Protein chains: 2
Amino acid sequence: MRLKRGERVAIITKVLSDRPCKSFPLSWFQEMLGAAKSTLSEDLAVIKRAFEQFALGRIDSQQGVGGGVAYRPLRSPSYIREVLQDLCVLLQTPDRILPGGFLYMTDILFSPWWTSRLGEIFAAMFVDREPGFVVTMETKGIPVALMTAKYLDVPLVLLRRDHAVTEGSVVSINYVSGSSGRIQTMSLPKRALPRGARVLLIDDFMKAGGTCRGMLDIMAEFEAEVAGVGILVETKDPEKKLIVDYVSLIQLESISEHARTVSIHLSPRLVMLKNLTD
Amino acid sequence: MRLKRGERVAIITKVLSDRPCKSFPLSWFQEMLGAAKSTLSEDLAVIKRAFEQFALGRIDSQQGVGGGVAYRPLRSPSYIREVLQDLCVLLQTPDRILPGGFLYMTDILFSPWWTSRLGEIFAAMFVDREPGFVVTMETKGIPVALMTAKYLDVPLVLLRRDHAVTEGSVVSINYVSGSSGRIQTMSLPKRALPRGARVLLIDDFMKAGGTCRGMLDIMAEFEAEVAGVGILVETKDPEKKLIVDYVSLIQLESISEHARTVSIHLSPRLVMLKNLTD
């Protein structure tokens, strides 16, 4: 049965947006949809135009033998700011203040919908730096890091707090948690990351930056090239962090247990990104 | 500017497939795309037909005031079997055998592409049981559980191995790991799950079923109604598990460290699912 334009457009859109950053050869769609190359090129032009108009990301087509078509999740700066503003509003709810002045964020960090959008935002920020892996430290950062990896179509590599006995030989380092001053361990099985990989580090929370510093150190053991560091929430204090080159989305200024208020806003580090200027 | 059919179809397909199981009011699309209801109904019919023909899932529209349109990720049984067969082939690679007769699966359990497809498969199996939450135990099952929750558009709730000090009052239980016989603890903050919730339990691996038994026990503390239990890989031995009512995708029969062979195949428990008969 011959497909109509609308039907082909639906299929191509579904396939491309299910797997962002993956390049599909045009011949693959030709075979799947039984359509000529010229017809498919017109279909792709329709999708491209629609995505551009609604700022849903970019459709890239490369011509030639190795050519293919891919969807890149480049959301607009105004969309990104809107999502992050919504998140700040949500995080300001007084009943998120926990004893000890902590902020309850676990529901958001494990929400598929929030983490999808946050992962998409990190992907939009770092896609041009072409990381080959996303690396995170267990546990709470896993969902955002996984979604970032999904939108970049690269594997996620997990740093563990203990030695996992079931994963062969392991590289471990000690690091000092900057806020508590305690010595901790992080480890990564040798087989989990090839030497010299290009990595994007993602974490959910940064105070002094000790964990991030440790992540950079263990990456050095793997001779990895760090393409970027993305943090979801950083605290304003201490102002001097143990790492210098990173991006954060949100800055937590203060929590008052007594007044039941949370002061949280878009991170000043957001403006550093050229992808984010309209 | 007036949009053409292809452009509207691209946008609607992107929005629906980015958030499976979420019902979008038709009026929302009307406003977004500046199109009449009748035009949108025709667009949706095109998408529906295309998705049906390529077994990409179902487009559901409810008529009336509270009506809306949603994409349900109901992949075909043949697609599901194909994905799982591919996974078995991958898991049979001899260099996945670790000292002690363990199987290295971490790369797959943290692969965005594998976990997307596996989460979609679990969602297809359990969508009709309408769970309100997906629940999993840290750490390795998190990505598959998150993707399952994403395809069902419900929150993910994480059981922890220790008491997380930063999350308010916590319910803890002890359970006996069936294979090691050791007593362990799992805990869940009270605020993480409302009483009487309908939950789907997802875990990556089951041997004797002690962890799953513990998950059921802690769910009882929350008066939760268990809509289903989904396991990615179960071992054939012991044949008698500590839980009765569950679904598994893959069965690990044996690993021979000496002969460097892994015997692994589709789980006999797959056939129990009516969604899986063509």
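Predicted model: local features only at pLDDT ≥ 70, side-chain atom pairs only at ≥ 80, totals over all residues.
Figure 1. Residues are numbered from 1 along each chain as its sequence is written, and chains are lettered from A, and ligands numbered from 1, in the order in which they are written.

**Figure 2. Where chain A touches chain B.** In this view, 43 residues of chain A are in contact with 43 residues of chain B (C-beta atoms, placed from the backbone, within 7 Å). The elements of chain A that give two or more residues to this side include α1 (5–18), α3 (37–53) and β6 (156–159). Helices (H or I, at least four residues) and strands (E, at least two) are DSSP runs, numbered from the N terminus. The largest share, 10 residues, comes from α1(A).

**Figure 3. Helix α8 of chain A.** How many residues does α8(A) have? It has 12, residues 210–221. The helix reaches 17 Å from its first C-alpha to its last, close to the 16 Å expected (1.5 Å times one less than its number of residues). Among its buried residues are A:Cys212, A:Met215, A:Leu216 and A:Met219. Buried means that 20 or more other C-beta atoms lie within 10 Å of the residue's own, all placed from the backbone; 12 or fewer is exposed, and in between is partly exposed. The cover over the buried residues of α8(A) includes β5 (133–137), β9 (198–206) and β10 (225–235) of chain A. A:Glu223 follows α8(A), and its phi is positive, near 55 degrees.

**Figure 4. A:Val134 in the largest nonpolar core.** This core has 124 residues, and A:Val134 and B:Val134 have the most contacts inside it. A nonpolar core is a set of buried Ala, Val, Leu, Ile, Met, Phe, Trp, Tyr and Cys residues joined through C-beta atoms within 7 Å. Leaving aside neighbours within four places in sequence, A:Val134 is in contact with residues including A:Ala145, A:Leu152, A:Leu200 and A:Ile202. A second, separate core has 37 residues, including A:Ile47 and B:Ile47.

Terms used
Contact = placed C-beta atoms within 7 Å.
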